[in-house]
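Hi,

Here is the structure I said I would pass on.

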Amino acid sequence: MRITHVDVQIRRQPASPTPRRDALQSLPGSGSVRVEVTTDTGVIGLGEAGFGRLAGGPDALASLIEHELKPLLVGQDPAFVRGLHQAMLAETEYHGSQGLAMFGIAALDTAIWDCLGKGLGVPCWQLWGGVHSRIPAYAMVGWLNYDDEEVQAICRQAVTQGFRAVKIKVGYPTLAEDVQRVAVVRKAVGESIGIMVDANQALTTAEAVRSGRAFEEMGCLWWEEPIPADDIDGYAELARALDMPIATGENLYTVADFARFLRRDAVDIVQPDLRRAGGPTALLQIGTMAAAFRSPYASHGGGPVQLNIMACLSNALYLETGLLAPDSPLQLEEGTVQIPQGPGFGWN
């Protein structure tokens, strides 16, 4: 099997008039870039990288894929997907294998793995060797743009759908406001539902320690990305100071970044993002490496790609998702979802 063509498509999306908001930014959405990798056997693999903001992001990413990454793949055997991943990292090293470069590598890496699964007629998790048939899932529903009544209503809806944990955003101007937010959600969901808190890099280390102690007393499950993502010293200090787990990783770009955090005991729960970390090839490395440090893996974002990966990780902890739409392929059962059964990264 050989790759004969790579098609790059920009999918535009009008900005939402009511954007979601966290402590760092508003997220009106700005579209995505979809890639289709076609082989000489007629198999087509799909990959996509989306943007929560940056109106020009999809155009810039499409150009990078078209001119830098696509020429590396045409004519190559997709069975050498790990070698192709290495080649894309080497090609982008000159300007840095981060940012848009990793978004592009991730989309193509996803599409190539999708080709291999579809070519054999099996889900990708079967290519890697499964561990779990179901994965616990939580609902990321507590955006800062919701007032107290709205956040209570949406968290109750998540519990009604069958979720046993919800994540909410914090990072208000004062700790008292953050504590009040957690209390409001706890009142809505009851004592048996887990609550995670996420500050999206908004705090200093000292502030994060103080806040973390308050959240510990309130029984929160983990303290997510409270300080800037690259502050490894700060994360190591947080992990030493607090008993509750420190979760981070959605804004780390390389396997080596995760290795540094794990070696420094600066993270308790790794949370790689499919786009920023560079696709399934990298996420499998990160998850396996974290398991060697006895650190759990929780996804940043959901979808069939993350579920296929988590199916193969002994340390898989939680899939992140939002409220389930009526036509969602995810079916909750005792707070868990079934892994996909379709070929490649297909659902069915």
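Which strands does helix α3 lie across? Helix α3 (residues 99–120) lies across β1, β4 and β5, and runs at about 155° to β5. For angles, axes are lines fitted to C-alpha atoms (for helices over the stretch in contact), and the values run from 0 to 180 degrees between N-to-C directions. Helices (H or I, at least four residues) and strands (E, at least two) are DSSP runs, numbered from the N terminus.

Before you read on: this is a predicted model, where local features need pLDDT of at least 70 and side-chain atom pairs count only at pLDDT 80 or more, while totals for chains, interfaces and linings use all residues. Residues are numbered from 1 along each chain as its sequence is written, and side-chain values use heavy atoms, with hydrogens and water left out.

Now the sheet. The three strands form an open sheet in the order β1-β4-β5, with antiparallel pairing; two strands pair if DSSP finds at least two bridges between them. β1 (3–11) and β5 (44–50) are the edge strands, each pairing on one side only. On average, neighbouring strands here are turned by 15° against each other, direction ignored. Between β4 (residues 32–39) and β5 there are seven bridges, and E36 stands opposite L46 in β5.

On to helix α5 (residues 148–161). With 14 residues at 1.5 Å a residue, α5 should span 20 Å, and its end C-alpha atoms are 20 Å apart, which agrees. The expected span is 1.5 Å times one less than the number of residues. At the start of α5, a side-chain oxygen of D147 comes to within 3.2 Å of the backbone nitrogen of E149. After the helix comes G162, with a positive phi near 120°.

V151, Q152, I154, C155 and A158 of α5 are buried, meaning under 20% relative accessible area with a 1.4 Å probe, protein chains only. Among the elements covering them are β6 (134–142), β7 (165–169) and α6 (175–189), where contact means heavy atoms within 4.5 Å.

Last, the cysteines. How many disulfides are there? The count is zero, taking a disulfide as a pair of cysteine sulfur atoms within 2.5 Å. For C124, the closest cysteine sulfur is in C312, 9.0 Å away, so too far for a bond. C220 is in no disulfide either, as the nearest cysteine sulfur, that of C155, is 12 Å away. C124 is buried at a relative accessible area of 0%, and C220 also counts as buried, at 8%.

Cheers

Methods:
Buried < 20%, exposed > 50% of the residue type's maximum accessible area, 1.4 Å probe, protein only. Polar contact = N/O pair within 3.5 Å; in protein donor to acceptor, adjacent residues only side chain to side chain.
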